[in-house]
Protein chains: 2
Amino acid sequence: MSQAKKILPRLTIDNVIFAYADKQLSVLLIKHGEGRSKGQWGLPGDWLGINESLEERAAISLFDRTGLKNIKLQQLQTFSAVDRYPGKRIITTAFYTLIKQNVQKIKPSDDELAVNWIPVNKVPKLIFDHKVILKHALKHLRTQVRHVPIGLDLLPKKFTLLELQDLYEALLDRSFDKPNFRRKILKLHYLIDCKESIKAGKHRPAALYSFDRAAYKSLIKKGFSFSL
Amino acid sequence: MSQAKKILPRLTIDNVIFAYADKQLSVLLIKHGEGRSKGQWGLPGDWLGINESLEERAAISLFDRTGLKNIKLQQLQTFSAVDRYPGKRIITTAFYTLIKQNVQKIKPSDDELAVNWIPVNKVPKLIFDHKVILKHALKHLRTQVRHVPIGLDLLPKKFTLLELQDLYEALLDRSFDKPNFRRKILKLHYLIDCKESIKAGKHRPAALYSFDRAAYKSLIKKGFSFSL
DNA sequence: TCAAAAGTGTTAACTGTACACCCATGC
DNA sequence: GCATGGGTGTACAGTTAACACTTTTGA
């Protein structure tokens, strides 16, 4: 990144930015355009500045690539193996988040050849230990999904239960029994029945729901155990 | 610590070392003997060396204070707020573990006034953000306890179910129904009935159990959900 | 005989899971 | 009519949680 900031040597952040769209989970990867890793894929990362926390830098780095603000990035782990980076001692702290996929706005910075959403099951070889970091993030995401509600900011304001189920199925890479999924979700009481329905094809119209933000947020704090 | 090592500036580790003994959960704290934090309590920490990972330094630091080797420390999180350390920019990575309390062997290093096991509900004011780190660790430990087996290396080779229950109750700071606890644990099939019993006071002797190491380790991988 | 901890049994409420089946729509 | 996804009912197995009860010991 070509920012006018004083950086701390040796310290970086790497963001694992998952995105959901079209029943598919992808991750943001960049193709390096300079230096020894030219032409290779890796996670979007950045140097830590002297006057910012890791969290702050991770958020700025996310904004630079996607234009998104106020997204909560979760700190995953710090990777500090002596030989993780060729030739230099670089320690990185990994963050991750899950957002709605937006193809238009992403852009590479000066020293990058490309920035792309890559489906998680089609990720190419990555530089350094980035594959390890990605796997770690995915595991964390999948655990998370079963303990706090998700979907806010990922689905349209009003959505059907099937759309929510599609999201869960994409994230966890498995399918759920429809009737049981409905009941399980509805019993958590974080959805509001919009009392509307949407016609979509040659079948019964689906009821629309929206998130009850208060209930949603309190469920984040309390947590639950979603099995199915 | 007065080690002959080249350190990386700005980077430290802090260990949250929990210990169990006498139905009580304690944490290892040190009283600083030099510098601006003289006389104050804090978590045992150390500078990261140029030729070691954070994990390696955390393990060495644990060994220095307790004489314990081959203890798996879990990385918790990295704390990097710009103002977390007065006057300097210091970034720390926190680790935690849970061991059997051993009062004899712990020793302060040259620049420390004291090293002590302090019961977790009697922790004094701590320096910097160490109280936040400790709370974070405790929360993590309590989550952990409900998803993987614990007790190996904390209880004697042969132990009663009540001793195991005491451990759980101390860690989670609550009590369990004895009959239900028994059944719940036994159904996980990671205990071996030693076919012995121990007389301890004016009541029926208790059956002794030991851990089935293979089952125990495979349960760590598989995980479970312990509610009660 | 009594207290104390060890250990068994029983029940009611709730969950997980599978799957049968009806509903509303477009073609 | 019938295919398609939307949605309800049900039934069995297993789990949770509370608590009554019996057992074995030492004093």
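Over all chains of this predicted model, a search of the whole structure finds 22 aromatic pairs. In one of them, the rings of A:Phe181 and A:Phe226 have centres 6.1 Å apart and planes at 70°, so the pair is edge-to-face. This pair links distant parts of the chain, since A:Phe181 belongs to helix 4 (residues 178-187) of chain A while A:Phe226 lies in the segment after helix 5 (213-222), 45 residues apart. Both A:Phe181 and A:Phe226 are buried. In chain B, the rings of B:Phe211 and B:Tyr216 have their centres 5.1 Å apart with planes at 75°, so that pair is edge-to-face, and both B:Phe211 and B:Tyr216 are buried. A:Phe159, A:Tyr190, A:Phe211 and A:Tyr216 form one aromatic cluster.

Rings also take part in arrangements with lysines: A:Lys69 lies over the face of A:Phe63, at 5.1 Å from the ring centre, and the charged end of B:Lys184 sits over the ring of B:Phe226, 5.8 Å from its centre.

By class, the surface near DNA strand C has 8 nonpolar, 5 polar and 11 charged residues.

| Protein atom | Atom of DNA strand C | Distance |
|---|---|---|
| A:Arg204, polar backbone atom | base nitrogen | 3.1 Å |
| B:Arg183, polar side-chain atom | base oxygen | 2.9 Å |
| B:Pro205, polar backbone atom | sugar or linking oxygen | 3.4 Å |

The elements that give two or more residues to this surface are helix 4 of chain A together with helix 4 (178-186) and strand 9 (206-211) of chain B, and helix 4 of chain A gives the most, with 5 residues.

Terms used
Residues are numbered from 1 along each chain as its sequence is written. Chains are lettered from A and ligands numbered from 1 in the order in which they are written. This is a predicted model: local features need pLDDT of at least 70, side-chain atom pairs count only at pLDDT 80 or more; totals for chains, interfaces and linings use all residues. Side-chain values use heavy atoms; hydrogens and water are left out. Rings of Phe, Tyr and Trp (its six-membered ring) pair if their centres lie within 6.5 Å; planes under 30 degrees apart count as stacked, over 60 as edge-to-face and the rest as tilted. Helices (H or I, at least four residues) and strands (E, at least two) are DSSP runs, numbered from the N terminus. Buried means under 20% relative accessible area, exposed over 50%, partly exposed in between (1.4 Å probe, protein chains only). A charge sits over a ring if NZ of Lys or CZ of Arg is within 6 Å of the ring centre and within 35 degrees of the ring normal. A polar contact is a pair of N or O atoms within 3.5 Å; within protein, one must be able to donate a hydrogen and the other to accept it, and residues adjacent in sequence count only if both atoms are side-chain atoms. Ala, Val, Leu, Ile, Met, Phe, Trp, Tyr, Cys and Pro count as nonpolar, Asp, Glu, Lys and Arg as charged, and the others, Gly among them, as polar.
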